[in-house]
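Please keep the sequence and the 3D view open while reading.

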Amino acid sequence: MRMGTKRLAALAVSAALCGSAFAAMTDGTYTGEGKGRNGTITVEVTVKAGKLDAVKVVKHTETVGISDAAVADFPKAIVAAQSTAVDAVAGATMTSEGIRAAVAQAIQKAGGDPAQFATAVVKKKAAKKLVKENADIVVVGAGGSGISAAVKAETLGANVILIEKMPVIGGATALNAGTLIATGSKYQREVMKETKDSPELAYKDIFTVGKNRNDPTLVKMVTERVGGVVDWLIYDMKILMVLPPRSIRTTPPTVSSA
Ligand SMILES: Cc1cc2nc3c(=O)[nH]c(=O)nc-3n(C[C@H](O)[C@H](O)[C@H](O)COP(=O)(O)OP(=O)(O)OC[C@H]3O[C@@H](n4cnc5c(N)ncnc54)[C@H](O)[C@@H]3O)c2cc1C
């Protein structure tokens, strides 16, 4: 008799579990919202045959350059795994979390149970593969310095490999406020008509801003060499410069040879 009661209770529990496990989604396209790093992220989730058929970020204000990989790849990973419990994209975890929450909301709107679509994803360990490459120079880190070094070496004829550990290149350089010291450049002298600046003044400035905690060797190197780098970026690499007050150069200015 006691056994019978237990069995009944077990059946009731399993029926309840089955009931929630089969909370089927209705086919269609649903929107969901989640909180990202900078604001609301809106996704569009398409349900087909009760499955996540497509996930697309349709609106967001996340930081361009930082969030790109998460916006492009995280939705695809959710669809591939049929789960929101996939790994966040390194370097853009807040964007990933926003997308995750937005998809969960859309699943709910579709009549599904978000928990049912949040099962841990067991990843098969990929077999280790040794890739052999030859290069004259290997640059580690694709921020402004690494990219510049790699490009310069390549233009001088070297065979270069540039390695970046993150899913997107750019590093802290992608967060840069957009200003650059132009001390000692032809551009500063001839286009900006600034003739009073000097490496010595820039050195003093940097130490003031850095509250005298800067490394003198590095600051000296920056202030003496940055002019050449600025000219290389503008005249050789044709990098667009924006001059105050908003006069935008689309082609490098003509300069006299030094
Ligand atoms: C918010 C902010 C605003 C700024 N504004 C300005 C500004 O207005 N003007 C200005 O002149 N400077 C500014 N700076 C400073 C300037 O952006 C940095 O000095 C410059 O970007 C540093 O460039 P970097 O290439 O040396 O380093 P990073 O840009 O940080 O690049 C380093 C790269 O190396 C990668 N890496 C690290 N370890 C490994 C590894 N083991 N294997 C592979 N890859 C690796 C990193 O992921 C990264 O991509 C600003 C910085 C910040 C954070």
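Helices here are DSSP runs of H or I with at least four residues, and strands are runs of E with at least two, both numbered from the N terminus. In that numbering, isoleucine 234 belongs to helix 7. The model is a predicted one, and its secondary structure amounts to seven helices and seven strands, which follow one another from the N terminus in the order α-β-β-β-α-α-β-α-β-α-α-α-β-β. Of the 258 residues in the protein, 21% are buried.

- Strand 1 (residues 28-35) and strand 2 run antiparallel and are joined by eight bridges, and the two form a hairpin with four residues between them.
- Within the pairing of these strands, glycine 34 has isoleucine 41 of strand 2 opposite to it.
- Strand 2 also runs antiparallel to strand 3 (residues 51-59), here with seven bridges, and valine 45 is placed opposite valine 55 of strand 3.
- The hairpin of strand 2 and strand 3 has two residues between the strands, and in this hairpin alanine 49 takes a positive phi near 50°.
- In a regular strand, side chains alternate between the two faces of the sheet.
- Strand 2 (residues 40-48) has one covered face, made up of Ile41, Val43, Val45 and Val47, and one uncovered face, made up of Thr40, Thr42, Glu44, Thr46 and Lys48.

**The largest nonpolar core**

- Which residues touch the most other members of the largest nonpolar core? Among its 24 residues, these are Val43, Val45, Ile99, Val103, Ala106 and Ile107.
- Strand 2, strand 3, helix 2 (68-81) and helix 3 (93-109) are the elements that each give two or more residues to this core.
- Helix 3 supplies the largest share of the core, with six residues.

- Strand 4 (residues 137-140) pairs with strand 5 (residues 160-163) in the parallel sense, over four bridges, and valine 138 stands opposite isoleucine 161 of strand 5.

**Around the ligand**

- The shell around the ligand holds 20 residues, of which Gly141, Gly143, Ser145, Gly171 and Ala177 come nearest.
- Sorted by class, the shell comprises eight nonpolar, ten polar and two charged residues.
- At least three residues of the shell come from domain 2 (131-174), and at least three come from domain 3 (177-258).

**Single residues in the later part of the chain**

- Is isoleucine 234 buried or exposed? Isoleucine 234 is buried, because 21 other C-beta atoms lie within 10 Å and the cut-off for a buried residue is 20 or more.
- Isoleucine 234 and tyrosine 187 are 47 residues apart along the chain, while their C-alpha atoms are separated by 8.1 Å.
- Methionine 192 sits in the loop between helix 5 (186-191) and helix 6, and with 14 other C-beta atoms within 10 Å it counts as partly exposed.
- From methionine 192 to alanine 182 the separation is ten residues in sequence and 9.6 Å in space, taken from C-alpha to C-alpha.
- Lysine 211 lies in the loop between helix 6 (199-209) and helix 7 (216-236), and although lysine 211 is not a glycine, its phi is positive at about 50°.
- Asparagine 212 is placed in the loop between helix 6 and helix 7, and it too is a residue other than glycine with a positive phi, near 60°.
- Lysine 211 has 7 other C-beta atoms within 10 Å and is therefore exposed, and asparagine 212, with 9 other C-beta atoms within 10 Å, is exposed as well.

Definitions and conventions: Residues are numbered from 1 along each chain as its sequence is written. This is a predicted model: local features need pLDDT of at least 70, side-chain atom pairs count only at pLDDT 80 or more; totals for chains, interfaces and linings use all residues. A residue is buried if 20 or more other C-beta atoms lie within 10 Å of its own, exposed if 12 or fewer, and partly exposed in between; C-beta atoms are placed from the backbone. A residue is near a molecule or strand if its C-beta atom, placed from the backbone, lies within 6 Å of it. Ala, Val, Leu, Ile, Met, Phe, Trp, Tyr, Cys and Pro count as nonpolar, Asp, Glu, Lys and Arg as charged, and the others, Gly among them, as polar. Domain bounds come from an automatic or database domain assignment. Two strands pair if DSSP finds at least two bridges between them. A nonpolar core is a set of buried Ala, Val, Leu, Ile, Met, Phe, Trp, Tyr and Cys residues joined through C-beta atoms within 7 Å.
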